[in-house]
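Subject: Handover of a structure, with findings

Dear colleague,

Please find the structure below for your records. A summary of the findings follows it.

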Amino acid sequence: MTICIANYNKKVSIEKLIGQTADAHGQVDQTTDANWGQYCTAWCSVMSKGGREFWKVQQVNADVSHVWKCQYSKTMADASPAMRLIHEGNTYEILSVIDIDLNHMEIEIQTKRAV
């Protein structure tokens with residue numbers, strides 16, 4: 001199987017929680033951008049809810065609003081739902097990170113728009 005990397009035309013940043021700023025209850029405030037730091041960046045393709053092929057994904061998880069695909073790397077494979085994805089100033093909650101077919105060729109990141 002060949003992957004066309006020319007389709008990876010969206011630059012994204014994956015961020016992880018590193019913050020020190022706690023709220024009144026001592027919990028790290030995940031809504032404060034200062035509590036997040038860059039984990040990695042990647043070039044991805046994206047499919048939104050309106051995509052024709054996206055319908056199958058909606059049946060599995062109705063919360064998914066965007067599916068991002070990028071070239072496999074160990075760093076991207078280690079991303080997790082505790083992290084978030086940023087693209088053009090928009091924040092997306094990571095719901096799952098999948099090594100497609102366990103081939104170590106392409107990663108799929110399912111997200112939903114953060115509120």
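How many bridges join strand 5 to strand 6? Seven bridges join these two strands, which run antiparallel; strands here are DSSP runs of E with at least two residues, numbered from the N terminus, and two strands pair if DSSP finds at least two bridges between them.

This is a predicted model, in which local features need pLDDT of at least 70 and side-chain atom pairs count only at pLDDT 80 or more, while totals for chains, interfaces and linings use all residues. Residues are numbered from 1 along each chain as its sequence is written, and side-chain values use heavy atoms, with hydrogens and water left out.

Strands 5 and 6 form a hairpin with six residues between them, and Asp-101 in the turn has a positive phi of about 55°. Within this pairing, Tyr-92 stands opposite Arg-113 of strand 6. Strand 6 (residues 106-113) is largely enclosed by the rest of the structure, because six of its eight residues are buried (buried means under 20% relative accessible area, exposed over 50%, and partly exposed in between, with a 1.4 Å probe and protein chains only). Strand 6 also runs antiparallel to strand 3 (residues 66-71), to which six bridges join it; Trp-68 has Ile-109 as its bridge partner there.

Asn-90 belongs to strand 5 and is partly exposed, at a relative accessible area of 25%. Its side chain makes a polar contact of 2.8 Å with the side chain of Arg-113; such a contact is a pair of N or O atoms within 3.5 Å, where, within protein, one must be able to donate a hydrogen and the other to accept it, and residues adjacent in sequence count only if both atoms are side-chain atoms. The C-alpha atoms of Asn-90 and Ala-114 are 8.2 Å apart in space, with the two residues 24 apart in sequence.

His-87, in strand 4 (residues 84-87), is buried, with a relative accessible area of 7%. Leaving aside neighbours within four places in sequence, His-87 is in contact (heavy atoms within 4.5 Å) with Lys-10, Lys-11, Val-12, Trp-68 and Tyr-92.

Notes:
Helices (H or I, at least four residues) and strands (E, at least two) are DSSP runs, numbered from the N terminus.
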